[in-house]
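Hi,

I'm passing this structure on to you, with my notes on what turned up in it. Have a look at it first, then read on below.

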Amino acid sequence: MRLLIPRYCLNGILVLCLITNFAVAADDWRVWRGPNANNIATEGETPPTKWGESENIRWKAALPGRGHSSPIVVNDRVLISTADEAKQIQSVVCFDRASGRQLWKTDVSQGDFAPKIHQKNTHASPTLASNGKMVFAVFPQFDRIQLTALGLDGKQKWQIKAGGYLPQAYQFGYAPSPLLYEGNVIVTSEYEKNGFIAAFDQQTGREVWRIKRPEKMNFSTPIVTRIAGRDQMLLSGNAKVASFDPQTGRDLWSAPAMWLVSCGTMVWDNDLVFTSGGFPLKGTMAVKADGSGKVVWTNRVKCYEQSMLAHAGYLYAVDDNGIAYCWNAQTGKEQWKSRLGGKVSSSPVLANGNLYLTNERGTTFVFRANPDKFELVAENQLGDEGFATPAFCGDQIFHRAATSASGKRQEFLYCIGE
């Protein structure tokens with residue numbers, strides 16, 4: 001629980017609030033995939049299931065520039081990355097969680113934008129990561145990946161070149177979010193040249209370990225979980241489902257995958273891990289995480305850009321064309337499928353027994369995490385474009401959406417709550 005200290009407190013009092021909240025802010029959403037790395041909100045939270053421009057909106061703040069990164073919530077602050085494509089400036093923006101008032105905007109890089117990216121990508125697609133005291137931002141530059149550490153006051157702590165970035169055959173841009181693990185921040189970049197995964201000390205930016213990756217393209221964000229008795233860093237792509245030691249980067253095990261490229265982050269249930277890919281072949285698969293590399297089941301469903309969600313023995317997914325699926329996690333048996341509609345790039349989030357999924361047209365579908373049948377709870381519309389996955393914390397939803405209703409595209413950050 002949070003201490004009952006006013007969220008609107010300023011200056012020195014605000015510092016006291018933040019220091020106190022480092023240890024007690026149980027409803028933070030500080031990294032990609034949330035506090036448990038599985039896109040499942042903290043138990044007991046009851047966010048709204050229905051909203052609109054004039055219903056259950058606590059506040060709405062205009063965002064400068066363009067991005068597909070998700071918001072993160074750290075104590076009483078909401079942070080998000082963005083990019084001004086015209087000026088070629090990449091920034092981190094911070095808002096007050098209670099009011100939506102912009103607290104600061106820090107420009108961390110300028111110039112050297114890649115000449116080409118995919119029309120569905122942006123120059124600010126990786127989600128920020130925070131350890132509660134610092135914020136880590138990863139941005140692609142023309143030939144490098146830049147890693148920046150900021151304080152919660154927006155002041156830069158350090159900035160480094162994490163490694164190379166040189167897509168050639170397919171100039172689609174960059175996607176992986178930074179990963180935090182035991183005092184390190186882990187950065188991934190997999191392209192035809194200079195591909196790497198590397199860990200850096202959170203306090204100093206000093207390199208801790210680095211591994212070279214195959215000269216192939218991949219867009220997945222790795223994730224760390226404790227499975228089969230040890231911490232494993234899971235990553236799919238490069239025609240493999242793979243596990244690494246997050247302390248050293250050493251290979252633990254791998255299994256062959258049906259595809260070369262993945263975009264989604266892997267998920268798990270008991271001793272199985274799950275992934276999906278879509279180029280050049282498509283499919284979803286389950287693999288034993290015990291080091292055997294045994295492929296337990298596969299199907300031909302393509303969940304390419306979005307991640308899936310595993311919960312209570314079942315695997316939930318929404319494919320690229322907006323069809324929702326539920327499978328038995330251990331056997332792969334299809335429990336049900338139902339068409340939601342619209343192309344999908346964001347990932348489902350589970351909160352209070354409901355799954356929330358936003359399509360590219362800005363519609364958020366809410367449906368029950370029920371393996372017996374598909375149950376639609378609500379459909380909600382904000383703007384006319386939705387690519388980012390929302391953050392859920394403290395019975396609130398923090399949602400990035402864009403609208404072109406006025407003839408000019410504008411992004412907004414919403415706080416949804418009753």
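Let's start in the strands: Ala149 stands opposite Trp158 in β9. Strand β8 (residues 144-151) and β9 run antiparallel, with seven bridges joining them. Strands here, like helices, are DSSP runs numbered from the N terminus (E, at least two residues, for strands; H or I, at least four, for helices), and two strands pair if DSSP finds at least two bridges between them.

Before going further, a word on the ground rules. This is a predicted model, so local features need pLDDT of at least 70 and side-chain atom pairs count only at pLDDT 80 or more, while totals for chains, interfaces and linings use all residues. Residues are numbered from 1 along each chain as its sequence is written, and side-chain values use heavy atoms, with hydrogens and water left out.

Back to the sheet. β8 and β9 belong to an open sheet of four strands, in the order β6-β7-β8-β9, with antiparallel pairing. At the edges stand β6 and β9 (156-164), each with a single partner strand, so one side of each has no neighbour in the sheet.

(Buried means under 20% relative accessible area, exposed over 50%, and partly exposed in between, using a 1.4 Å probe and protein chains only.) β15 has an antiparallel partner in strand β14 (residues 223-227), joined by five bridges, and Thr225 has Gln232 in β15 as its bridge partner. β14 and β15 make a hairpin with two residues between them, and Ala228 in the turn has a positive phi of about 55 degrees. β15 also pairs with strand β16 (residues 240-244), again antiparallel and over five bridges. There, Gly237 has Lys240 in β16 as its bridge partner. The hairpin of β15 and β16 likewise has two residues between the strands, and Asn238 takes a positive phi near 55 degrees.

Now the charged pairs. How many salt bridges does a search of the whole structure find? The search finds 14, where a salt bridge is a side-chain nitrogen of Lys or Arg within 4 Å of a carboxyl oxygen of Asp or Glu. These are some to look up:

- Arg30 and Asp28 form a salt bridge, with their closest N and O atoms 2.7 Å apart. Both Arg30 and Asp28 are buried.
- Glu85 and Arg66 meet at 3.1 Å, N to O. Glu85 sits in the loop between β3 (77-84) and β4 (89-96) and Arg66 in the loop between β1 (57-63) and β2 (72-74), so the pair ties together parts that are 19 residues apart in sequence. Glu85 is partly exposed at 36% relative accessible area, while Arg66 is buried at 18%.
- Glu360 and Lys120 form a salt bridge, with their closest N and O atoms 3.0 Å apart. This pair links distant parts of the chain, 240 residues apart: Glu360 is in the loop between β27 (354-358) and β28 (363-368), and Lys120 in the loop between β5 (102-110) and β6 (129-130). Glu360 is buried, with a relative accessible area of 13%, and Lys120 is partly exposed, with 26%.
- Glu385, Arg400, Arg409 and Glu411 are linked in a salt-bridge network.

On to the rings. The whole structure has 16 aromatic pairs. (Rings of Phe, Tyr and Trp, the last by its six-membered ring, pair if their centres lie within 6.5 Å; planes under 30 degrees apart count as stacked, over 60 as edge-to-face and the rest as tilted.) One of them is the stacked pair of Tyr325 and Trp327, at 5.2 Å centre to centre with 20 degrees between the planes. Tyr325 is buried at 8% relative accessible area, and Trp327 is buried at 2%. Trp336 and Phe374 form an edge-to-face pair, 5.4 Å centre to centre and 65 degrees between the planes. There is also an aromatic cluster made of Tyr165, Tyr174, Tyr191 and Phe219.

That's what I have so far. Enjoy exploring!
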